[in-house]
Amino acid sequence: MLLFFILVVAGSLVFLELFTFVYTTYLCDAPYLPLDKKNIDLALEVLQLSGNDVFVDFGSGDGRVLLSALREHGVKRAIGVEKDRYQALKSKIFLKLRYKGYGTYCVYREDIFRPSTKLLEDLSQITAVYMYLFPSMIDRIYIQLLEQKRPFRIVCCRYSLSGIPPTSVIKGEEFDSYYYEIG
Ligand SMILES: C[S@@+](CC[C@H](N)C(=O)[O-])C[C@H]1O[C@@H](n2cnc3c(N)ncnc32)[C@H](O)[C@@H]1O
């Protein structure tokens with residue numbers, strides 16, 4: 001009986017993960033492809049995060065990057081924006097269970113390109129940005145961020161912003177990431 005229960009739970013989780021991958025691949029602008037811990041560490045290190053930072057992960061998936069920013073880098077606030085309902089829910093549960101520090105966080109289940117007023121208000125405070133999305137998306141987000149007319153740092157994993165020379169390039173085993181200081 002217990003074995004049957006375990007198999008049903010495990011099977012449902014595998015199904016949800018596969019469903020999310022197919023759903024985000026065809027209905028979101030970028031598929032759910034989480035970055036591994038080693039690459040997350042490299043990307044967050046270059047941002048030199050501190051307790052003064054308001055950090056955002058555009059397309060925050062299961063919240064693993066937000067958790068690292070809060071727990072290992074002690075950011076003041078971490079904001080996640082995730083379109084997929086299942087990943088957004090998973091990240092909220094994951095953060096609730098695994099983060100007990102003083103930094104605050106919020107995951108918005110929203111489309112990055114159709115932000116609510118509340119999300120826009122929250123984003124007006126950001127100082128550090130992380131993106132692991134397709135080139136056309138990161139270019140569009142970058143243009144939106146420029147409208148804030150405030151300095152910020154960005155790290156883009158795998159794909160660079162077009163036409164903007166990076167402040168530094170982070171060499172990875174599989175792919176490079178790109179760091180920019182803006183303003
Ligand atoms: C490559 S994954 C990155 C996940 C996580 N940030 C990481 O680095 O591990 C991209 C994520 O962006 C989300 N996404 C794609 N298009 C989006 C959109 N328009 N608005 C919000 N989230 C989006 C996907 O659902 C997926 O979870």
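**Fold and backbone features of the predicted model**

The secondary structure of the protein comprises six helices and seven strands, where helices (H or I, at least four residues) and strands (E, at least two) are DSSP runs numbered from the N terminus. The model is a predicted one, in which local features need pLDDT of at least 70 and side-chain atom pairs count only at pLDDT 80 or more, whereas totals for chains, interfaces and linings use all residues. Residues are numbered from 1 along each chain as its sequence is written. From the N terminus on, the order of elements is α-α-β-α-β-α-β-α-β-α-β-β-β.

The seven strands of an open sheet follow the order S3-S2-S1-S4-S5-S7-S6, with mixed pairing; two strands pair if DSSP finds at least two bridges between them. Strand S3 (104-108) and strand S6 (168-170) stand at the edges, and each has a single partner strand, so one side of each is left without a neighbour in the sheet. On average, neighbouring strands of this sheet are turned by 15° against each other, direction ignored. Axes here are lines fitted to C-alpha atoms, for helices over the stretch in contact, and angles run from 0 to 180 degrees between N-to-C directions.

Strand S1 (residues 54-58) and strand S2 (residues 77-81) run parallel and are joined by five bridges. Within this pair, Phe-58 has Val-81 in S2 as its bridge partner. Helix H3 (residues 64-71) lies across S1, S2, S3 and strand S4 (128-131), and runs at about 175° to S2. Two residues are in contact if their C-beta atoms, placed from the backbone, lie within 7 Å. Among contacts in the protein between residues at least 6 apart in sequence, 64% join residues at least 24 apart.

The radius of gyration, taken over C-alpha atoms, is compared with a globule rule of 2.2 Å times the number of residues to the power 0.38. For 183 residues, a compact globule would have a value near 16 Å, and the 17 Å of the protein agrees with this. Along the principal axes, the C-alpha atoms fill a box of roughly 60 × 35 × 35 Å.

A residue is buried if 20 or more other C-beta atoms lie within 10 Å of its own, exposed if 12 or fewer, and partly exposed in between. Of the 183 residues, 32% count as buried.

Most residues other than glycine have a negative phi. Lys-149, in the loop between helix H6 (135-146) and strand S5 (152-157), has a positive phi of about 55°. Lys-149 is exposed, with 7 other C-beta atoms within 10 Å. Arg-158, in the loop between S5 and S6, likewise has a positive phi, near 70°. Arg-158 is partly exposed, with 19 other C-beta atoms within 10 Å.
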